[in-house]
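Here are my notes on the structure you sent over.

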Amino acid sequence: MLRLHGPGHGNRDLAILVEHADHLLKSDFLGTFVSVLAQAAWNSNLRLDADGELDESRRRMAQHFVFLLDHTAPAAFTEKAARGTDVAVALADGRLLVTLTDVDWPRGDPASAPWTAGPLSFADKEILCGTTVKAMETFQHHLGCSSDEALHIVQARAEHLHRENRTAT
């Protein structure tokens with residue numbers, strides 16, 4: 001369920017709440033969906049129209065998309081959200097934050113800390129070797145997350161890798 005908070009018209013800031021978003025974790029398109037929402041927010045802030053052209057008649061508008069979860073830890077979304085083609089993720093204060101990184105976006109920098117760009121493959125070796133603690137430490141280092149959050153991410157990444165291996169064989 002989507003709920004708009006803010007006037008939603010004119011030149012006013014807007015927060016779009018996606019309530020009961022837990023079920024999105026089961027979708028295969030979550031990374032793409034998050035990427036599209038991040039691009040929409042970016043375009044609104046920069047006053048770009050649907051074609052990516054500057055619309056000088058529009059005031060810059062802050063637009064945010066917020067996924068409200070009932071039962072799922074935000075860290076569980078990290079793996080799938082990071083599959084967006086041009087997004088980076090970070091965990092902060094128990095929230096998963098997403099930003100655009102591609103060099104086509106102004107100030108986009110995939111190397112800027114504390115963000116990690118793209119799929120969370122940097123701990124795959126540890127996950128596949130079964131060294132969960134080492135994988136958790138890697139995620140904690142790269143994402144600045146807690147050990148509980150790192151465990152959720154390791155579990156989600158492991159499920160993804162096992163699914164990929166079953167599909168490949």
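1. Confidence first. Keep in mind that this is a predicted model. The chain has a mean pLDDT of 76, with 73% of its residues at 70 or more. Going element by element, the lowest mean pLDDT is 47, for strand E1 (residues 2–5), while helix H3 (residues 124–129) has the highest, at 92. As for the stretch of residues 1–8, its pLDDT is below 50, although the model gives it 21 contacts beyond near neighbours in sequence.

2. Next, helix H4. This helix runs over residues 132–143, 12 residues in total, and spans 16 Å from first C-alpha to last, close to the 16 Å expected at 1.5 Å a residue. Its buried residues are Ala135, Met136, Thr138, Phe139 and Leu143. Those five sit on the same side of H4, because the arc they cover around the axis is only 160 degrees. Val133 and His141, on the other side of H4, are exposed. As background, an α-helix has 3.6 residues a turn, so residues three or four places apart point the same way.

3. The core. The largest nonpolar core contains 24 residues, and Ile127, Phe139, Leu143 and Ile153 have the most contacts inside it. Helix H1 (30–46), strand E4 (87–92), H4 and helix H5 (147–168) each give two or more residues to this core. H5 gives the most, with five. Have a look around Phe139 too: leaving out residues up to four places away in sequence, Phe139 touches, among others, Leu120, Phe122, Ile127, Cys145, Ile153 and Val154.

4. Cysteines. How many disulfides does the structure hold? The count is zero. Cys129 counts as exposed because its relative accessibility is 56%, over the 50% cut-off. Cys145, in contrast, has a relative accessible area of 8%, so it falls under the 20% limit and counts as buried.

5. One backbone angle to look at. Most residues other than glycine have a negative phi. His20 is not a glycine, yet its phi is positive, at about 55 degrees. You'll find His20 in the loop between strand E2 (14–18) and H1. Is His20 buried, exposed or partly exposed? With a relative accessible area of 43%, His20 is partly exposed.

Notes. Residues are numbered from 1 along each chain as its sequence is written. This is a predicted model: local features need pLDDT of at least 70, side-chain atom pairs count only at pLDDT 80 or more; totals for chains, interfaces and linings use all residues. Side-chain values use heavy atoms; hydrogens and water are left out. pLDDT is the predictor's confidence in each residue, from 0 to 100. Helices (H or I, at least four residues) and strands (E, at least two) are DSSP runs, numbered from the N terminus. Contact means heavy atoms within 4.5 Å. The expected span of a helix is 1.5 Å times one less than its number of residues. Buried means under 20% relative accessible area, exposed over 50%, partly exposed in between (1.4 Å probe, protein chains only). The arc is that of the directions from the helix axis to the C-beta atoms. A disulfide is a pair of cysteine sulfur atoms within 2.5 Å. A nonpolar core is a set of buried Ala, Val, Leu, Ile, Met, Phe, Trp, Tyr and Cys residues joined through side-chain atoms within 4.5 Å.
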